[in-house]
Amino acid sequence: TNDLKFISTKVETNHEDSLTFFHDKGFKQWYTERILRYSGKRLPEIELQFIKYKSEYFERYVEAIRSSFYELRRANDFKPYFCCEPNEAKRNELENNKDNIYLLLDGEKLAASVTVNKGSIDNVFVTPEYQGGGIGKKMMSFAVNTAIDSGSNNILLNAIERNVRALHLYESLGFHIVRSMYYLRLFSKSS
């Protein structure tokens with residue numbers, strides 16, 4: 001039996017009409033990733049205290065990122081819907097990047113996290129329980145300032161187009177869309 005459900009491809013372009021070739025071949029739009037850039041000055045200082053990731057936070061981190069991205073992943077058919085498997089490979093990945101991962105704790109609860117690498121911000125999330133209270137904006141100010149302090153003049157960040165709240169937040173802070181990646185799928189005849 002053929003288990004192939006679909007073939008996916010990504011196309012980087014700033015002109016949606018260049019996707020005609022793929023649409024003519026039967027590919028359907030899946031999702032669009034926006035690449036944003038910040039090249040401004042430091043943002044206002046914030047009063048939240050972020051700490052660097054430590055291995056003792058592994059289980060809390062994995063649970064937090066899984067719950068934070070579940071709805072977005074489900075809505076966009078990103079399987080598995082629960083990302084970030086709690087396995088040894090993930091533990092090693094986090095441990096190897098621990099100096100770049102920042103956590104916001106509320107007592108023992110992990111409220112938010114962001115990864116700041118040289119020239120990029122990634123894995124931005126606020127857990128569902130803490131969303132809507134302004135933590136995301138404050139965390140992004142912290143992340144931008146941390147990147148600038150480490151010598152980055154241009155900071156890149158990716159977001160899914162359907163994550164409208166995140167895109168509005170990033171743009172309100174001075175990020176601008178510089179590129180688009182279109183993901184398309186061609187489904188097999190049997191699915």
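**View 1. Phe 6 is partly exposed in this predicted model.** Its relative accessibility is 29%, whereas Trp 30, at 13%, counts as buried. Buried means under 20% relative accessible area, exposed over 50%, and partly exposed in between, with a 1.4 Å probe and protein chains only. Residues are numbered from 1 along each chain as its sequence is written, and side-chain values use heavy atoms, with hydrogens and water left out. Because the model is predicted, local features need pLDDT of at least 70 and side-chain atom pairs count only at pLDDT 80 or more, while totals for chains, interfaces and linings use all residues.

**View 2. Phe 6 and Trp 30 form an edge-to-face pair.** A search of the whole structure gives 16 aromatic pairs. In this one the ring centres are 5.6 Å apart and the planes stand at 75°, so the pair is edge-to-face. Rings of Phe, Tyr and Trp (its six-membered ring) pair if their centres lie within 6.5 Å; planes under 30 degrees apart count as stacked, over 60 as edge-to-face and the rest as tilted. Phe 6 belongs to strand S1 (residues 6–12) and Trp 30 to strand S2 (residues 28–38), so the contact ties together parts 24 residues apart in sequence. Helices (H or I, at least four residues) and strands (E, at least two) are DSSP runs, numbered from the N terminus.

**View 3. Tyr 70 and Tyr 81 form an aromatic pair.** The arrangement is edge-to-face, with 6.2 Å centre to centre and 85° between the planes. Tyr 70 is in helix H2 (residues 58–75) and Tyr 81 in the loop between H2 and helix H3 (88–96), 11 residues apart. Tyr 70 is partly exposed at 23%, and Tyr 81 is partly exposed at 27%.

**View 4. The charged end of Arg 185 sits over the ring of Phe 6.** Its distance from the centre of that ring is 4.8 Å. The charged end of Arg 185 also sits over the ring of Trp 30, 4.1 Å from its centre. A charge sits over a ring if NZ of Lys or CZ of Arg is within 6 Å of the ring centre and within 35 degrees of the ring normal. Phe 6 and Trp 30 belong to one aromatic cluster with Tyr 31, Phe 78, Tyr 183 and Phe 187.
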